Amino acid sequence: MRIDHLMFAAADLDQGSDTLERLLGARPVPGGSHPRLGTRNALLGLGDGCYLELIAPQPDGIPDASFGAALLALAAPALVTFAVASRDLAGVAATLAQQGCSARGPIPTQRRTPDGDLLAWELLFPREHGFDSLCPFFIDWGSCRHPSADLPPVARLAELRLGSPLAGPLGELMDALDLPVRVEAAAAPCLSAALELPSGGLVLLESSERSVGLRFG
């Protein structure tokens, strides 16, 4: 398994794009819409089969109680969660069960690109773990072309850090899943990603108190 993408959210796609362009020197490329979720996205490449997803509410027709509706309450763009790629979602679910967690999925999901191409994948969402969005969701792209394949890298994910009052059990879960993340004790849940720019500088993307509590999936 590997980190597939980071999810960075905003109440407005243009606002989030402006923020990322200021931080990373590149504007996210429009991706597509997820009507069931009430969201749309834009993407930036991070190299090595990884990318940054900016997700925001779609302009209209947002379903009540959807993820898009929840994003409208964000005061500022922030990191929300991250996705892990796996070719064996059933195996991931089994590992989660061994750690006392349940799982929802695999759930078939799809979106169309601005060019009209259909992307289809499956998602698995851990449940009953108590770690908010510090616990990732899992994705299997199957035979679908990976979104990062068409994204020139604007930065590289140098480190992903999870801070939690439950650092011990969270670290055990991350170890069981064999994920390359750093877990440390913190007074409140927090998520941060260090992105290394081509110049060698580092940009830190972080969660907010509101974003870390958002439930995706």
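1. A word on terms before we start: two strands count as paired if DSSP finds at least two bridges between them. With that in hand, this predicted model has an open sheet of four strands in the order S10-S9-S11-S12, and the pairing is mixed.

2. Have a look at the edges of this sheet. Strand S10 (182–185) and strand S12 (202–206) each have a single partner strand, so one side of each is left without a neighbour in the sheet. From one strand to the next, the twist averages 25 degrees.

3. Further in, strand S9 (residues 156–164) and strand S11 (residues 190–196) run antiparallel and are joined by seven bridges.

4. Now for the aromatic residues: the structure holds two aromatic pairs. One of them is formed by Trp-121 and Trp-141, with ring centres 5.0 Å apart and planes at 50 degrees. Planes under 30 degrees apart would count as stacked and over 60 as edge-to-face, so this pair is tilted.

5. Where do Trp-121 and Trp-141 lie? Trp-121 is in strand S7 (residues 118–127), while Trp-141 is in the loop between strand S8 (137–140) and S9, so the pair ties together parts that are 20 residues apart in sequence.

6. Are these two residues buried or exposed? The cut-off for buried is under 20% relative accessible area, so Trp-121 counts as buried at 9%, and Trp-141 counts as buried at 8%.

Key: Residues numbered from 1 in each chain as written. Predicted model: local features only at pLDDT ≥ 70, side-chain atom pairs only at ≥ 80, totals over all residues. Heavy atoms only, no water. Helix = DSSP H or I, 4+ residues; strand = E, 2+ residues; numbered from the N terminus. Axes fitted to C-alpha atoms, helices over the stretch in contact; angles between N-to-C directions. Phe/Tyr/Trp six-rings, centres within 6.5 Å; stacked < 30°, edge-to-face > 60°. Buried < 20%, exposed > 50% of the residue type's maximum accessible area, 1.4 Å probe, protein only.
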